[in-house]
Amino acid sequence: MLKILHASDLHYSPGNLVEADKCFGHAVEQAIANNVGLAMLTGDLTDHALDGHSPALLALAKRIKQLADHCPVFMLQGTFSHEPVGLLKMLEMIGARHPIIVSDKIGMIGLSEGKWIEYDPTYSDVKYDLVITSVPTVNKAELALVVGADNASVEMGNHLAALLGLFGPANAALRRQGVPTVLASHGTVDGSLNESGVPMAGLDHEFSLGALFSANTSATMLGHIHMHQQWTREHEGRVQRIAYPGSVGRYHYGELGEKYCLIWEVSADTADFTPVQTPSKRMIEIAFEGVPSLDELATIAEQCRGAFVRVAAHYTRR
């Protein structure tokens, strides 16, 4: 049974720096306190392109080093508008006790004796502690060149479903060998909820639950959606589990629920996790119909103590 920290959607940037570093710092400290053997960061570590000398990127690098001094770290390429291609690669160069790897290509990556290696089933003498099926953000523009721009969004889901199914036999073989397996990806599950509670339903989302389960891994660790949610399947004598941890911090008004990182326990036959709440800020939005009374304001002020508050007033024109 391997214990794993799973965090996602950190969104480090100048505007988010305090919130991101406070919440991700808490996740790192919890990972160390729980003695995890691996950290999985599933995309959108930054909010946009950052200069190499920016305080936000330096703060992220310090947290990654803190984490990598405790255990190996796996980072997945997220949305290109948040993480321009190559931005995360510089974090691989951080000098730490354990190796750091950034996955920006589809493939299988193994952890063996504390080192990251490309998974190769023909190397029978390699003992894997874990094998990750990595499916980072896929560029729809490349698919559009093949199927046409009008069909790219719909065909993305079909192509990814076919791809995930191809990984199924390899992960089934690893299960028979007693090796824990994880699918790591960044995208939208059809039917999931966004941070405002709106269902993500349509034909242009990357994943269906069936496609994700077909990869035949014990755990599927996702990024991109900012609300924590999970799905479970019992199949052929094993338990498979899919989960978004959600964003570590709260970055917009209207986001529902608490914010979490996840501490997973993964084996060849099962996967489960414990949500760990982060100290995300409270954000309250208040709307008044007309001019509020002083009594209303006094009551609301007490409820909002310590929170970030946005006030809107609606007036009826006469």
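What volume does the second largest pocket have? In this predicted model, the second largest pocket has a volume of about 200 Å³.

**The pocket and its lining**

To see the pocket, select its lining residues, which are Lys89, Glu92, Ile101, Val102, Ser103, Asp104, Lys105, Ile106, Gly107, Met108, Ile109 and Glu118. If you colour the lining of the second largest pocket by residue class, you will find five nonpolar, two polar and five charged residues.

**The whole chain**

Now zoom out and show the protein chain as a cartoon, in which the secondary structure comes to six helices and 15 strands. The protein chain has 318 residues, and 49% of them count as buried. Among contacts between residues at least 6 apart in sequence, 68% join residues at least 24 apart.

**The largest nonpolar core**

Next, select Phe24, Leu60, Ile64, Leu67 and Met75, which touch the most other members of the largest nonpolar core, a set of 35 residues. At least two residues of this core come from each of β1 (2–7), α1, β2 (38–41), α2, β3 (73–76), β4 and β12, and α2 gives the most, with seven residues. In soluble globular proteins, nonpolar side chains tend to be buried together.

Keep methionine 75 selected and show what surrounds it: leaving aside residues up to four places away in sequence, methionine 75 touches Leu41, Leu45, Ile64, Leu91, Ile100, Ile101, Val102 and Ser103. There is also a second, separate core of 22 residues, whose members include Ile4, Met40, Ile132 and Ala184.

**Salt bridges**

How many salt bridges are counted in this model? The count comes to eight salt bridges, and the tour stops at some of them.

Select lysine 22 and glutamate 19, whose side chains meet in a salt bridge with an N to O distance of 3.6 Å. Both residues lie in helix α1 (residues 17–33), where lysine 22 and glutamate 19 are three residues apart, about one turn of the helix. Are these two partners buried or exposed, or does one lie in between? Because its relative accessible area is 39%, lysine 22 is partly exposed, whereas glutamate 19 is buried, with a relative accessible area of 5%.

Then select arginine 63 and aspartate 21, which form a salt bridge whose closest N and O atoms are 3.2 Å apart. This pair links distant parts of the chain, since arginine 63 is in helix α2 (residues 55–68) and aspartate 21 is in helix α1, 42 residues apart. Arginine 63 has a relative accessibility of 18% and therefore counts as buried, the cut-off for buried being under 20%.

Go on to aspartate 269 and arginine 175, whose side chains meet in a salt bridge at 2.7 Å, N to O. At 37% relative accessibility, aspartate 269 counts as partly exposed.

**The loop between β1 and α1**

Serine 8 is placed in the loop between β1 and α1, and its relative accessibility of 1% is why serine 8 counts as buried. Leaving aside residues up to four places away in sequence, serine 8 touches Thr42, Gly43, Leu222, Gly223, His224, Pro245, Gly246, Ser247 and Val248.

Most residues other than glycine have a negative phi. Aspartate 9 has its place in the loop between β1 and α1, and histidine 11 has its place in the loop between β1 and α1 as well. Aspartate 9 is buried, with a relative accessible area of 0%, and histidine 11 is buried, with a relative accessible area of 3%.

Note on methods: Residues numbered from 1 in each chain as written. Predicted model: local features only at pLDDT ≥ 70, side-chain atom pairs only at ≥ 80, totals over all residues. Heavy atoms only, no water. 1 Å grid on protein atoms, 1.4 Å probe; cavity = no way out; pocket = protein on both sides within 12 Å on 5 of 7 lines; lining within 4 Å. Points joined across faces, edges and corners; volume = space filled by probe spheres on them. Nonpolar A, V, L, I, M, F, W, Y, C, P; charged D, E, K, R; others polar. Salt bridge = Lys/Arg side-chain N within 4 Å of Asp/Glu carboxyl O. Helix = DSSP H or I, 4+ residues; strand = E, 2+ residues; numbered from the N terminus. Buried < 20%, exposed > 50% of the residue type's maximum accessible area, 1.4 Å probe, protein only. Core = buried A, V, L, I, M, F, W, Y, C linked by side-chain atoms within 4.5 Å. Contact = heavy atoms within 4.5 Å.
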